[in-house]
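Here are my notes for your first read of this model. Keep the viewer open and find each residue as you go.

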Amino acid sequence: MAELAIALSGINKSFGPVHANRDINLEVQRGTIHGIIGENGAGKSTLMSILYGFYQADSGEIRVNGKPVSIKTPNDAIAAGIGMVHQHFMLVENFTVLENIILGAEGEPLLNKSIAKARSELARLEREYGLEVDPDALIEELPVGLQQRVEILKALYRGADILILDEPTGVLTPAEADHLFRILKQLKEQGKTVILITHKLREIMAITDNVSVMRQGTMVATRETKGTTVEELAELMVGRRVLLRVQKGEANPGEVKLSVRNLTVRDSRKVTMVDDVSFDIRAGEIVGIAGVAGNGQSELIEAIAGTRRAVSGTVMLDGKPIDVTGTADPGELRDRGLAHVPEDRHHVGLVLAFEEAENSILGYQDKPQYLNGPFLNLKAIEDDARAKIQAYDIRPTNPHLRTANFSGGNQQKIVLAREIEQDPGVLVVGQPTRGVDVGAIEFIHKRLIAMRDAGKAVLVISVELDEIRSLSDRILVMFAGRIVGERGPEATEGELGLLMAGVEHKEAAE
Amino acid sequence: MDFLNALVLILDSTIRLSVPLLLACLAGLYSERAGVFDIGLEGKMLAGAFAGAAGAAVTGSAWLGLLCGILVSVGMALVHGFASITHRGNQIVSGVAINFIAAGSTIILGQAWFQQGGRTPALGAAQRFEAIELPGAAALRDVPLIGQIYSELISGHSLLTYFAFLMVPFTWWVLYRTRFGLRLRAVGENPAAVDTAGVSVAWLRYRAVICTGILTGIAGCYLSMVQNAGFVKDMTAGKGFIALAALIFAKWKPVNAMFACLLFGFLDAASIRLQGTPIMGVRVPVQLMQALPYILTVILLAGFIGKAIPPRAGGVPYVKER
């Protein structure tokens with residue numbers, strides 16, 4: 001048995017009435033990659049924040065390399081040899097790589113010496129771990145994959161032996177993720193211990209040695225990765241059997257519902273984000289748009305949904321034009337049967353300070369069934385909300401609760417229920433399951449497929465390639481504002497990944 | 001020669017008028033670079049001016065007066081820090097409150113202590129910072145151009161003036177060449193990065209607002225102990241806000257800040273100089289000339305600075321995530 005790098009015993013942590021970590025025990029062997037998997041809100045991040053000194057446990061003991069340690073601040077964690085790569089990078093964007101790396105570990109009051117020292121140390125780390133990055137580049141000019149590398153270097157520069165990575169692949173392309181995994185394996189070979197927090201089962205199977213599963217604040221199991229399966233882990237996470245890939249029949253496409261021609265959209269900085277894009281969506285099919293975040297997908301659906309002006313191009317809904325370059329607005333489009341589930345439910349999809357019932361009709365509040373003369377018919381709205389809560393299994397079930405108090409998955413269901421229940425002909429969905437846990441993902445996917453089977457046209461954009469592949473009847477890949485390829489749902493991940501990275505750009509354009 | 005003389009005179013008063021702006025502007029730079037917006041520069045400067053003049057009048061020493069000015073201004077900066085760092089209050093509201101407190105309390109306290117209608121007693125030579133003659137200024141006075149520039153423009157200012165201009169390279173050095181400066185800039189851009197690096201966000205921001213307090217205190221003392229001989233109510237007359245405008249104009253950079261303040265100082269000096277002088281045969285109303293620096297401020301800020309990107313975490317209290 002290898003030595004233990006980390007041993008947690010009896011960790012408890014509550015935030016008010018929420019018991020985020022309940023009597024957690026965890027052992028991580030030195031020199032291994034240890035996965036921690038669980039749904040959103042299962043307590044993974046809380047546990048790691050305790051280990052990194054962001055929070056303090058209410059009770060419990062932390063041992064690092066066999067010795068009990070008290071970790072009260074990130075400084076204590078760093079001193080104990082623990083480094084963390086956060087999900088949202090903790091980098092100063094307009095600083096150089098070097099400046100970011102020495103921040104907080106400068107050593108002396110004047111920078112000249114510490115920068116020189118960091119430069120040579122960085123060169124050594126680059127050689128040892130194959131982590132090349134230009135030390136004088138500004139962070140904001142680096143692609144995300146390299147920014148993440150800087151985060152790893154930051155931890156190594158501080159002498160970390162134990163590296164915690166929180167959802168590291170969420171922002172990466174498949175190729176970047178592969179590269180990260182190679183780096184992690186190399187770190188392991190050099191004797192470092194890696195803790196990988198994720199909700200993606202595939203990653204766990206791909207690179208971890210051991211995996212621990214968390215559910216609702218408790219540690220439910222630890223398995224050797226070789227001896228477990230994706231199905232078992234999913235079941236442990238959710239507490240019941242889950243369908244990882246939704247079952248669906250053949251698509252039965254009908255007439256064209258939405259037709260996009262030569263659409264060009266610029267963002268607020270006048271950068272062309274959508275460049276001459278054309279495609280059709282037919283009744284009874286789901287079209288998925290794959291792409292790494294920031295390649296124009298967001299602007300595309302915003303233009304179609306009337307929340308962003310297009311520069312040129314035409315969009316036809318049921319054969320009649322939408323004035324996307326002029327006066328199209330979401331209200332008009334809703335009336336014409338085009339519903340939109342925005343990517344960012346917190347800022348665009350919902351008013352978090354509103355009651356659940358208010359959000360569940362927002363945008364449709366002028367429909368006669370919600371009105372009583374000039375006033376809102378509160379009774380009707382509440383009944384409507386209760387019906388949706390029932391049908392979509394939204395929890396908690398109180399329509400008067402502030403929307404901010406619902407979990408991500410339930411908030412997403414509130415938005416979906418609102419849009420789907422108006423029975424639109426075309427549904428445009430951005431990131432249907434971002435920040436949504438496995439159980440709710442299954443539910444949402446089933447609903448979208450039910451829409452399709454009811455003869456609606458569904459357009460989905462998502463940065464989760466798995467989601468696109470399992471939902472779509474046709475997959476369009478966007479890169480740098482253009483549609484660089486169309487594939488069927490049988491396309492392999494590697495094939496789509498290359499398209500998403502723009503590798504086959506030339507061939508695809510032919 | 002006449003023109004040259006006039007120009008040197010205008011430039012000389014440009015320097016004098018720029019000093020309080022420059023000190024206040026650099027003061028704001030420390031605070032805002034650390035992510036704490038400060039529209040209370042005006043109030044702190046006013047309080048510093050009052051405390052400096054009052055302290056000098058009572059103790060008879062310019063240096064003790066300066067110390068009083070700095071202490072009172074730092075005290076008010078700490079109130080702003082306590083409200084906006086410790087209690088995560090709204091920084092604008094806190095800054096406005098400080099401006100009101102300073103405007104009101106200086107008059108009340110002045111009247112209570114000195115009974116001169118809110119003024120402090122006129123300060124004598126020992127209670128002020130007098131002009132310093134640089135070595136050789138008298139000897140060079142008659143050398144054309146160079147001598148004139150040296151003796152009129154560069155020599156003959158108070159210690160605080162030289163201090164203000166030396167603060168420009170010093171601030172640059174602190175910001176870009178020291179650990180404190182690196183952390184200060186980082187905390188204004190992404191406090192979470194500083195926090196996860198194991199550095200206290202609150203303590204860093206407190207140190208920044210203390211720097212602000214020291215400099216606004218000195219700026220105030222310059223007004224009441226160098227430019228004037230005593231405190232007069234509302235003597236800052238919006239300089240704190242002009243300094244804030246200069247800070248934005250300078251994109252939060254120290255050397256730019258100096259040029260921005262010199263520009264505003266020059267506009268001010270020119271408008272004073274041109275009062276009553278017909279321009280191209282037209283008599284321009286005094287009020288219009290007086291308003292000119294402010295009008296130009298608006299025009300410059302609106303049209304000429306391009307995109308000024310403030311420190312990204314500016315104005316936002318730091319709350320640990322999750």
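How many Å separate the centres of domain 1 of chain A and domain 2 of chain A, taken over C-alpha atoms? The answer is in point 2.

1. Ground rules. This is a predicted model, in which local features need pLDDT of at least 70 and side-chain atom pairs count only at pLDDT 80 or more, while totals for chains, interfaces and linings use all residues. Residues are numbered from 1 along each chain as its sequence is written, chains are lettered from A and ligands numbered from 1 in the order in which they are written, and side-chain values use heavy atoms, with hydrogens and water left out.

2. Domains of chain A. The assignment gives domain 1 (4-238), domain 2 (252-337 + 425-510) and domain 3 (345-423). Such bounds come from an automatic or database domain assignment. The centres of domain 1 of chain A and domain 2 of chain A are 34 Å apart, over C-alpha atoms. Eight residues of domain 1 of chain A are in contact with twelve residues of domain 2 of chain A (contact means heavy atoms within 4.5 Å). About 890 Å² is buried between domain 1 of chain A and domain 2 of chain A, and carbon and sulfur atoms give 58% of it. Buried area is the accessible area (1.4 Å probe) that two parts lose on being put together, summed over both. On the domain 1 side, A:Asn40, A:Pro174 and A:Arg202 lose the most area to domain 2 of chain A, together 46% of what that side buries.

3. An enclosed helix. Look at helix H1 (residues 44-51) of chain A. Helices (H or I, at least four residues) and strands (E, at least two) are DSSP runs, numbered from the N terminus. Why is H1(A) described as largely enclosed by the rest of the structure? Because seven of its eight residues are buried. Buried means under 20% relative accessible area, exposed over 50%, and partly exposed in between (1.4 Å probe, protein chains only). The buried residues of H1(A) include A:Leu47, A:Met48, A:Ile50 and A:Leu51. A:Lys44, A:Thr46 and A:Ser49 are buried as well. After H1(A) comes A:Gly53, with a positive phi near 85 degrees.

4. Loops of chain A. A:Asp161 sits in the loop between helix H5 (144-157) and strand S7 (162-166) of chain A. A:Asp161 is partly exposed, at 42% relative accessible area. Leaving out residues up to four places away in sequence, A:Asp161 touches A:Gly81, A:Lys192 and A:Thr193. A:Ala480 is in the loop between strand S21 (474-479) and strand S22 (482-487) of chain A. A:Ala480 is partly exposed too, at 47%.

5. Backbone points to check. The peptide bond from A:Arg395 to A:Pro396 is cis, with omega near -5 degrees. A:Pro396 lies in the loop between helix H13 (378-392) and helix H14 (408-420) of chain A. Next, A:Gln216 has phi near 45 degrees, a positive value in a residue other than glycine. A:Gln216 is in the loop between strand S9 (210-215) and strand S10 (218-224) of chain A. Is A:Gln216 buried or exposed? Exposed, with a relative accessible area of 65%. In chain B, B:Arg88 also has a positive phi, near 55 degrees. B:Arg88 is in the loop between helix H3 (62-86) and helix H4 (91-114) of chain B. B:Arg88 counts as partly exposed, at 45% relative accessibility.

6. Crossing helices in chain B. The axes of helix H8 (residues 179-189) and helix H10 (residues 201-227) of chain B come within 10 Å and cross at roughly 105 degrees. Axes are lines fitted to C-alpha atoms, for helices over the stretch in contact, and angles run from 0 to 180 degrees between N-to-C directions. H8(B) and H10(B) are therefore roughly perpendicular (angles of 65 to 115 degrees; under 35 is roughly parallel, over 145 roughly antiparallel, the rest oblique). From H8(B), B:Phe180, B:Arg183, B:Leu184 and B:Val187 take part, and among their partners in H10(B) are B:Leu204, B:Ala208 and B:Cys211.

7. Two buried residues in chain B. B:Ser224 lies in helix H10 of chain B. B:Ser224 is buried, with a relative accessible area of 0%. Among the residues that B:Ser224 touches are B:Ala49, B:Leu123 and B:Phe231. B:Ala102 is in helix H4 of chain B. B:Ala102 is also buried, at 0%.
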